[in-house]
Amino acid sequence: MSIKIKHLNGDTTFLLTFSPAEKPPALNRYGHAPGTFSVLVDPWLSGPSSMWHPKFLLSKHTVPSCISNLSQIPEPNVVLVSQDKPDHCHEPTLRQLDPTSSLTNVLAIPAAAKKIRGMKHFHPSRVHALPAYSSKDEDSIIRFYIPPLTSGGTSGEATIAYVPAKMDVSGLHNAIGITYRPPTAAPFLAQYSPPSSTCSNFSFPTPQQYYLNNMPPTPPDTPNQRPRSLSASTGPSTISTASSTSPAMSQTSSASTAPTTSHSLHAHSPSFHSPSFHTHTHTHSTSSTNSTHHPRPAKTLSVIYSPHGLTYSPYLSHYATTHLVPQAALPLTTLIHGFDRVENPWYMGGNVNAGLPGGVEIAKNLMARCWIGAHDEDKENSGVSVLKIRMRKYGLDEVRELVRREWSGGGGGGCELRALDCGEELVMRS
């Protein structure tokens, strides 16, 4: 399986496309191969971004986006909006999305969801406010059911969780975690089901303990030198426009018989019913098998998106040990986090972007295979809010050196560090 990450502008707009290992050549009417799952992150393609009033803050791109309209990319399963600020929640760009789509759901932090609903462009049932993640509440995880590739295969799942900082004056610092377990065309010997995060007698290992306990028979010298395949491309991509004649999405709910439930959305497949947003009963069982082998968890891809940064402990460490570990989603596949550090005076909110010092802590603790820079465009900014801004820019060589020094055991060389140009894409395979 793989994840393709394409940088659509010079700042922090990305298109993430997750694909299963078995990739049928046929595309559905949305331009996707069966089993894929796509996420469009913080879309802002062109035009200015103004907060409150242009005299307070006005931002403009200095690098043209690689597309002029969102109709030039396949229709995404999810549009993810991580801030209510206009450089993340850009109304003119969001209005380029098809409001009649039966595929796309808009997931946004609560303040952004309120703003997007106020646009009256999307049907209210298509816009969902992300709840703050809590290991004690499975409703705080948005789950997407992905149908099997064949009738004899197993289903996949994608999850999205919002991890905000508490008592954050600026309201900027959060992280959004995404995981993807692919569907298959053939059944596994044993179906994996992660333990409930609310089970009182289950002791979650730390991310490092998890990795060490699941090392291969002949492990590499360091966790970060594990085999992987990585490729990048900057050439033009083939794109298609999604259909706007899809049937309307229906909203249903099912009674829950388990102590905890989680939101679930169905990813579209042409051979299955239309997607639906409903309450999904989470069960914990394993399929019967004649094999004497112990059940092994399916591989899971994982992404942390944190354009302004978030303190690893206690926020992301809690998410890692209570969600990523049970999902078999470590080491982290990709961290998307800024390199440059930006500071305002305390009376203007203090830290704006955590940058390299904050990102290296996350990458080290989650053993990230790849770290992609975000929100580092040299934009044209004006207004009173930027008069006192202090910025420390880091080049890739500086980033590599700090990662190498800070990484336990000197294994930071196993983390691929990338600053994607506008239009450049990176493919991570597992």
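The expected span of a helix is 1.5 Å times one less than its number of residues; helices (H or I, at least four residues) and strands (E, at least two) are DSSP runs, numbered from the N terminus. This is a predicted model, where local features need pLDDT of at least 70, side-chain atom pairs count only at pLDDT 80 or more, and totals for chains, interfaces and linings use all residues. Residues are numbered from 1 along each chain as its sequence is written, and side-chain values use heavy atoms, leaving out hydrogens and water.

**Exercise 1.** Compare the span of helix H4 with that of a straight helix.

*Solution.* Start with the ideal: 13 residues in a straight helix would span 18 Å at 1.5 Å a residue. Next, take the end C-alpha atoms of H4 (residues 312–324), which are only 14 Å apart.

**Exercise 2.** Work out whether H4 is largely enclosed by the rest of the structure.

*Solution.* Buried means under 20% relative accessible area, exposed over 50%, partly exposed in between (1.4 Å probe, protein chains only). By that test 10 of the 13 residues of H4 are buried, so the helix is largely enclosed. Among them are Tyr312, Tyr315 and Tyr319.

**Exercise 3.** Find what kind of aromatic pair Tyr133 and Tyr319 form.

*Solution.* Rings of Phe, Tyr and Trp (its six-membered ring) pair if their centres lie within 6.5 Å; planes under 30 degrees apart count as stacked, over 60 as edge-to-face and the rest as tilted. The structure holds 5 such pairs. In one, Phe18 and Phe37 have ring centres 6.4 Å apart and planes at 40°, so this pair is tilted. Both Phe18 and Phe37 are buried. For Tyr133 and Tyr319, the values are 5.3 Å centre to centre and 90° between the planes, making the pair edge-to-face.
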